[in-house]
There are 2 protein chains.
Amino acid sequence: MRALVDAIRAQGTVLPGGILKVDGLINHQLLPQLTREMGETFARSFGPLKPTKVVTIEVSGIAPALATSMVLGVPMVYARKKRPVTMQGPVYTAQSVSRTKGGVVELFVSHEYLSADDRVVVIDDFLASGGTLLALAGMIRESGAQLLGMGCVVEKAFENGRANLASLGVPVRTLANIVRMDEGGTLVVEAGH
Amino acid sequence: MRALVDAIRAQGTVLPGGILKVDGLINHQLLPQLTREMGETFARSFGPLKPTKVVTIEVSGIAPALATSMVLGVPMVYARKKRPVTMQGPVYTAQSVSRTKGGVVELFVSHEYLSADDRVVVIDDFLASGGTLLALAGMIRESGAQLLGMGCVVEKAFENGRANLASLGVPVRTLANIVRMDEGGTLVVEAGH
């Protein structure tokens, strides 16, 4: 997605510790036209698979997932990382270890909003090592729903997430690809695929 | 907003402790057409005030705020409740006490995305006592930005948030109004105003 690649090249920075900062585009501020185009691009990829639901993970997955669900015209469900007081019935849950967030991430989706009738596209902000997405895929499998594909806004190719997701056997679509980055200021961004 | 009132009447439930559950509409699952209409309704109210930015609070404010920002064509910024590793520069911050969440809520907005040039509309999911929204308004004032108005998807009229926000001197718009509710099954919903 050309506009996203240009925006990351213009605004993205690499912080100490090798952390990519794209807060002005994804993680703190959202640009409406760019976000809409993320949704349109994912919908073009996954619409032909006839999804009934978009599933994402709070917090930063919500915007691109909602934009996608608006184009597809299907509900969007976001997995919670803390079980809220309103989630009192049975839940699908899984854990993964997050390197960037530090520590264990726990995910919760209520049985009410994910079932064996669903055909699911997962949309998230980052594809790094893919661990949290694999955990979410396990919850979707447990629900009996069919996972159709996964879309992530930004792929960090060097963290091998795409290879780790290969076992799922579904298409993985990303919009921008961080080929290389370092704290010295190197940030090589290409179109996703 | 008629469609929202109908949806809350059909799906909303009151949990023990007097907590309103609207997870199928706002806090766990989002319906694309309903969410789009939230954005259109807020944009009709606040568009004439010529906002340059929509500001909300993670997590459940993001969807209605993004929908509003897409109609208005201005960026959306979401206040973080934990300071992420990417937020290393100066921040606006404030605290409030949340009854429903239990304990102190801390808010963070980077100076990068809110400035004295901004004309801000705040959009959030719930208007209860209004404490967290007042804290956010204080951060906006500190930035030098002008607060134009506040929009909340669901108002709990009996928690007096509207009176508590009156000191801000800006229009407050809500889409549905919980007039009365109790654990016995009473849930009286009217149009917001």
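A salt bridge is taken here as a side-chain nitrogen of Lys or Arg within 4 Å of a carboxyl oxygen of Asp or Glu, and across the interface of chain B and chain A this rule finds two salt bridges. In one pairing, B:Glu112 forms a salt bridge with A:Lys21, with the closest N and O atoms 2.7 Å apart. The model is predicted, with local features needing pLDDT of at least 70 and side-chain atom pairs counting only at pLDDT 80 or more, while totals for chains, interfaces and linings use all residues. Residues are numbered from 1 along each chain as its sequence is written, chains are lettered from A in the order in which they are written, and side-chain values use heavy atoms, with hydrogens and water left out.

The contact between the chains, where contact means heavy atoms within 4.5 Å, takes 43 residues from chain B and 43 residues from chain A. The area buried between them is about 3500 Å², of which carbon and sulfur atoms give 61%; buried area is the accessible area (1.4 Å probe) that two parts lose on being put together, summed over both. B:His28, B:Met70 and B:Thr86 supply 22% of the area that chain B buries against chain A, more than any other three residues.

A:Leu20 is found in strand E2 (residues 19-21) of chain A, strands being DSSP runs of at least two residues and helices (H or I) runs of at least four, numbered from the N terminus. A:Leu20 counts as buried because its relative accessibility is 4%, the classes being buried under 20% relative accessible area, exposed over 50% and partly exposed in between (1.4 Å probe, protein chains only). Leaving out residues up to four places away in sequence, A:Leu20 touches several residues, among them A:Lys156 and, from the other chain, B:Thr86.

A:Asn27 lies in helix H2 (residues 23-27) of chain A and also counts as buried, at 12% relative accessibility. Beyond its neighbours within four places in sequence, A:Asn27 is in contact with residues including A:Phe126, B:Tyr78 and B:Arg80. The side chains of A:Asn27 and A:Asp125 are joined by a polar contact of 3.3 Å, a term for a pair of N or O atoms within 3.5 Å in which, within protein, one must be able to donate a hydrogen and the other to accept it, and residues adjacent in sequence count only if both atoms are side-chain atoms.
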